[in-house]
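Please find below a colleague's note on the structure shown here. It is arranged as numbered points for reading beside the coordinates.

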Amino acid sequence: MPPRAALLYLSISDGSDPRTNKEVATLSAFFAVDFVGVSSHDQAPFFSAQARRVELIRGRTRAPLTLCKLWWRVLCLRWRNRYDSVHVINEDLYLILLPLLLGQRVVLDIFDSSFLKWNVPKWMVWLGQRLSYALPVKIIVTDDERAGLMPADTRGRLVIVPNYPPHYDGPKLSRGAEGLRILYAGSLLDRRGTFLTEKLLAADESLHVVMAGWIRDERTRALSQHPRVEWLGTIPQREFITQATRCDFILCHYEPANLNNIYASPNKIYDAIQADAAIIINPEVRVSRFVREHRLGVVLEAYDPPDLKALIRQLHEFKTTYRPDPALREQFTWEKIAQRLSAAHGATPAERG
């Protein structure tokens with residue numbers, strides 16, 4: 001029997017985010033997956049049992065020493081192994097590792113585009129895009145909106161792999177009839193939900209918050225200690241959806257400070273569909289139109305809503321009238337689109353290991 005094809009999966013994170021877990025699970029059915037990432041702790045990724053090898057560089061993300069260690073680790077792996085394909089998360093990591101990727105079959109996966117976040121001159125963005133997008137055989141983006149932002153010469157290589165969750169068939173927990181419960185999860189920081197959550201807690205004594213994910217600043221850490229906040233730590237996506245089944249709303253709040261936030265493609269919207277929970281989202285985010293169209297939740301008046309009392313009333317009213325559409329739960333699932341990821345690496349269903 002011929003040896004299994006091998007794939008090198010490269011990330012600047014510790015692999016605990018939902019998308020990486022879905023992708024490694026999907027790719028491990030076709031490839032022996034070696035994962036390389038960066039972590040500040042000793043916790044193994046949730047997908048560890050599905051990967052052939054997990055290499056976590058200890059250190060602070062993006063610290064020069066950490067990046068040097070990452071570069072060296074990838075060099076050693078490439079020297080010792082023959083990889084049939086390489087999966088790289090985001091343009092900044094691709095540019096750092098570019099000399100090591102020459103001659104490899106590379107798929108560039110853009111979770112959050114560096115060029116939509118960086119405040120740099122246009123010529124630097126142009127140059128960075130040319131270097132990042134020239135060689136990958138496929139470039140993955142998360143939705144049609146992000147595909148529309150890509151340079152014209154990449155269009156033939158674009159693959160849209162949305163942030164849909166696996167179909168959820170787990171337990172449905174009880175939602176209280178009184179008060180409000182909001183799930184605030186993901187990358188947790190001041191301008192991405194913390195300041196609004198503080199205001200909502202102050203405006204409504206019946207409101208409780210469930211928090212899970214990655215705390216990014218001290219203000220958010222303090223919020224996790226609030227008496228009406230339940231802190232769960234970092235949990236896998238399935239557990240996140242289970243927790244969402246007992247919450248009335250999931251918060252999706254993005255400061256419209258850059259195009260990356262405006263064109264955010266949060267998996268939480270589709271997690272909410274699986275959990276029959278509603279969404280709270282600010283109108284500056286383009287995907288709020290999808291929320292409004294399907295009546296999936298409350299679209300705020302603005303990123304910083306001026307009338308909190310009116311918002312609290314609106315949230316209570318929406319809770320009592322919300323009727324989830326069961327057809328959406330079947331439509332927006334990872335199982336419907338996972339083959340796009342494996343096909344980007346040249347794998348077919350007949351090659352499943």
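This is a predicted model: local features need pLDDT of at least 70, side-chain atom pairs count only at pLDDT 80 or more; totals for chains, interfaces and linings use all residues.

1. Overall dimensions. Along the principal axes, its C-alpha atoms occupy a box of roughly 60 × 50 × 40 Å.

2. Secondary structure and contacts. The chain contains 14 helices and 13 strands.

3. Burial and surface. Of the 353 residues, 56% are buried. The accessible surface of the chain is about 16,200 Å², and carbon and sulfur atoms contribute 54% of this area.

4. Rolling a probe the size of a water molecule over the atoms shows where empty space is left. One cavity of 30 Å³ or more is counted, and the largest cavity holds about 40 Å³ of space. Its lining consists of D14, G15, S16, H41, Q43, A44, P45 and F46. By class, this lining has three nonpolar, four polar and one charged residues.

5. Second largest pocket. This pocket has a volume of about 360 Å³ and a lining of 19 residues, with D143, D144, E145, Y270 and F290 nearest its centre. The elements that supply two or more residues to the lining are α5 (144-148) and α11 (288-293). Of the elements, α11 gives the most, with three residues. The lining as a whole comprises nine nonpolar, three polar and seven charged residues.

6. Where does Y263 lie in the chain? Y263 is found in the loop between α9 (259-262) and α10 (267-275). Is Y263 buried or exposed? Its relative accessible area is 13%, and because buried means under 20%, Y263 is classed as buried. Leaving aside residues up to four places away in sequence, Y263 touches E145, R146, L149 and R286. One of these partners, E145, is also among the residues nearest the centre of the second largest pocket.

7. Separation of Y263 and V24. These two residues are 239 residues apart in sequence. In space, the C-alpha atoms of Y263 and V24 are 25 Å apart.

Methods
Residues are numbered from 1 along each chain as its sequence is written. Side-chain values use heavy atoms; hydrogens and water are left out. On a 1 Å grid over the protein atoms alone, a cavity is a set of points where a 1.4 Å probe fits but cannot get out, and a pocket is an open set with protein on both sides within 12 Å along at least five of seven lines; lining residues have an atom within 4 Å of a point. Grid points are joined across faces, edges and corners, and a volume is the space filled by probe spheres set on the points. Ala, Val, Leu, Ile, Met, Phe, Trp, Tyr, Cys and Pro count as nonpolar, Asp, Glu, Lys and Arg as charged, and the others, Gly among them, as polar. Helices (H or I, at least four residues) and strands (E, at least two) are DSSP runs, numbered from the N terminus. Buried means under 20% relative accessible area, exposed over 50%, partly exposed in between (1.4 Å probe, protein chains only). Accessible areas come from the Shrake-Rupley method with a 1.4 Å probe; for residues, only the protein chains shown count as cover. Contact means heavy atoms within 4.5 Å.
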